[in-house]
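Biologist: Hi! I'm new to this one, could you walk me through it?

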Amino acid sequence: MNPEHVDVLIVGAGLSGIAAAYYLQTRCPTQRFAILEARDTIGGTWDLFRYPGVRSDSEMYTLGYSFRPWREKKAIADGPSILRYIRETACAFGIDRHIRFQHRVRRASWSSDEGRWTVEVERGPEGAPLRFTCAFLFMCSGYYDYASGYTPDWPGVERFGGRIVHPQHWPEDMQYRDRRVVVIGSGATAITLVPALAERGAQVTMLQRSPTYVLARPSEDGVALALQRLLPPPIAARATRWKAVLVNMLFYYLARWFPRATKQAIIRMAQQHLGPGYDVATHFTPRYNPWDQRLCLAADADLFRAIRSGRATVVTDEIATFTERGLRLCSGRELEADVIVTATGLVIKLMGGAELAVDGRPVDLASTLSYKGMMYSDIPNLASAFGYTNASWTLKCELTAAYVCRLLNYMERHGYRQCTPRRRDPNLGTVPALDFTSGYVLRALDSLPRQGVKKPWKLYQNYLLDLLSLRFGPINDGVLEFRGPE
């Protein structure tokens, strides 16, 4: 095989991959790039997830791109609208012409002697082998396993006579009208799925082991819509984006500084929506503080309205076993079901599961330190897009893409061909990369890179700090090691 060579190889054609391509072609016009997408279409998460009610859990003024602002009325948008927006963005900027579909990256090997990555790819359903080479590898493939979601090993599953579905792979022929549906889980997927199923005629029970914070928000942002009416479009777009950034940051830090007051306010809001007789203490009062896990949004209070209407109920209990007709809970209660939906979370898989090697040595990502939330210690010429846990995914991905362009331009100006983050302080303390107690994070901690306790190894999860650091901080900071041709 004669490998095709590009300057930058982007892996993934979802939200972050399209952003990476936009920044490369506008800020690094001399860099030739290609995008490898394992699936047969653009969109990533927003094409994969097809379950009823799928929508954003961040407002689109920040989940959308700064270079192509979101123009629709709903700030909390449905999945098909987001998918259309991503595809239209790729088409508008000619990015779609650079995408190679059904190209799954399996391995990538760096050679310091050659100053390039060799990327092994499987193309098409037959898995035909291909190779690409590139000077810089930009991983935009998300953070979870597209092939399968997380499903606990429950006893008696094989006994159930109905249908079991994971939302990550929602069947097109799914029938649920006038059927009894049990949704297992209390995360963002369950919170959006339950009211959508109820609205479309199912009798839904949300079975949760423990409650989650659910915050009701209007799907339309009145202030943002007013700004769009009153101001010229470019100014209105910047104003609405910054308004969303600052309001969300303020709420996050108030929640962290005053967790008890924030918790009481969220629970009080739930009680108001559900009525004075509803047992909020059992079903909507988590054991943890706000933002120890990500908060869930009920757009237009749809979950609460479904519960008040009687089309949806919440049960807080644990599963003892599946039965022929449904579930037996640890309390002894029986839940009968025609359909069981396992909204039990994701499986984290960084780099799309691709194997990495540097100069012939396999890379164990768990032994690396995250540099500025995008590169990894001792891995040359590689960056990955990973969004915020407390804000919109796209905010950090755009900052990452812009920084990568600064880095590439710096290397080009100085004649460097290799940049590698080096951990020079042997006494640098480390902590887990994600300070989050969500199940999907805890299950994967041992396989994830770590972070340091001080910059540039520390992840601040703060857009303003990252903006200052990544846009204005020095490229040659004494941590990145640069090398030219030998």
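This is a predicted model: local features need pLDDT of at least 70, side-chain atom pairs count only at pLDDT 80 or more; totals for chains, interfaces and linings use all residues.

Biologist: Great. Let's start with a helix: how many residues does α4 have, and how far does it reach?

Modeller: Helix α4 covers residues 79–92, which is 14 residues. From its first C-alpha to its last it reaches 20 Å, close to the 20 Å expected at 1.5 Å a residue.

Biologist: And which of its residues are buried?

Modeller: Gly-79, Ser-81, Ile-82, Leu-83, Tyr-85, Ile-86, Thr-89 and Ala-90 are buried in α4.

Biologist: What do those buried residues pack against?

Modeller: They pack against α1 (15–27), α2 (45–48) and α3 (60–63).

Biologist: What goes on at the start of α4?

Modeller: There, a side-chain oxygen of Asp-78 comes to within 3.0 Å of the backbone nitrogen of Ser-81. After the helix comes Gly-94, with a positive phi near 70 degrees.

Biologist: Nice. Switching to charges: how many salt bridges are there in the whole structure?

Modeller: A search of the whole structure turns up 27. In general, side chains of opposite charge can pair when their charged atoms come close.

Biologist: Can you show me one? What does Lys-349 pair with?

Modeller: Lys-349 meets Asp-145 in a salt bridge, at 3.5 Å from N to O. Lys-349 is in the loop between β16 (339–342) and β17 (355–358), while Asp-145 is in the loop between β6 (128–139) and β7 (163–165), so this pair ties together parts 204 residues apart in sequence.

Biologist: Is Asp-145 buried or exposed?

Modeller: Asp-145 is buried, as its relative accessible area is 11%.

Biologist: Which residue has a positive phi of about 60 degrees although it is not a glycine?

Modeller: That is Met-351. You'll find Met-351 in the loop between β16 and β17, and it counts as buried, at 4% relative accessibility. Gln-102 also has a positive phi without being a glycine, at about 55 degrees. Gln-102 lies in the loop between β3 (99–101) and β4 (103–111) and counts as partly exposed, at 29%.

Biologist: Now the surface. Which residues form a nonpolar patch there?

Modeller: Leu-250, Leu-254, Trp-257 and Phe-258 do, with about 460 Å² of accessible area together. Trp-257 belongs to helix α7 (residues 233–257) and is exposed, with a relative accessible area of 58%.

Biologist: Last one: what does the side chain of Asp-302 make a polar contact with?

Modeller: With the side chain of Arg-55, at 2.7 Å. Asp-302 is in helix α10 (residues 302–309) and counts as buried, at 13% relative accessibility. Leaving aside neighbours within four places in sequence, Asp-302 is in contact with Arg-55 and Pro-195.

Biologist: Oh, and Gln-31: what does that residue touch?

Modeller: Not counting residues up to four places away in sequence, Gln-31 touches Asp-7, Val-8, Leu-408 and Glu-412. Gln-31 is in the loop between α1 and β2 (33–37), and it is buried, with a relative accessible area of 15%.

Note on methods: Residues are numbered from 1 along each chain as its sequence is written. Side-chain values use heavy atoms; hydrogens and water are left out. Patches are made of residues with over 30% relative accessible area and no salt bridge: like charges are joined within 9 Å, nonpolar side chains (Val, Leu, Ile, Met, Phe, Trp, Tyr) within 5 Å. Accessible areas come from the Shrake-Rupley method with a 1.4 Å probe; for residues, only the protein chains shown count as cover. A salt bridge is a side-chain nitrogen of Lys or Arg within 4 Å of a carboxyl oxygen of Asp or Glu. Helices (H or I, at least four residues) and strands (E, at least two) are DSSP runs, numbered from the N terminus. Buried means under 20% relative accessible area, exposed over 50%, partly exposed in between (1.4 Å probe, protein chains only). The expected span of a helix is 1.5 Å times one less than its number of residues. Contact means heavy atoms within 4.5 Å. A polar contact is a pair of N or O atoms within 3.5 Å; within protein, one must be able to donate a hydrogen and the other to accept it, and residues adjacent in sequence count only if both atoms are side-chain atoms.
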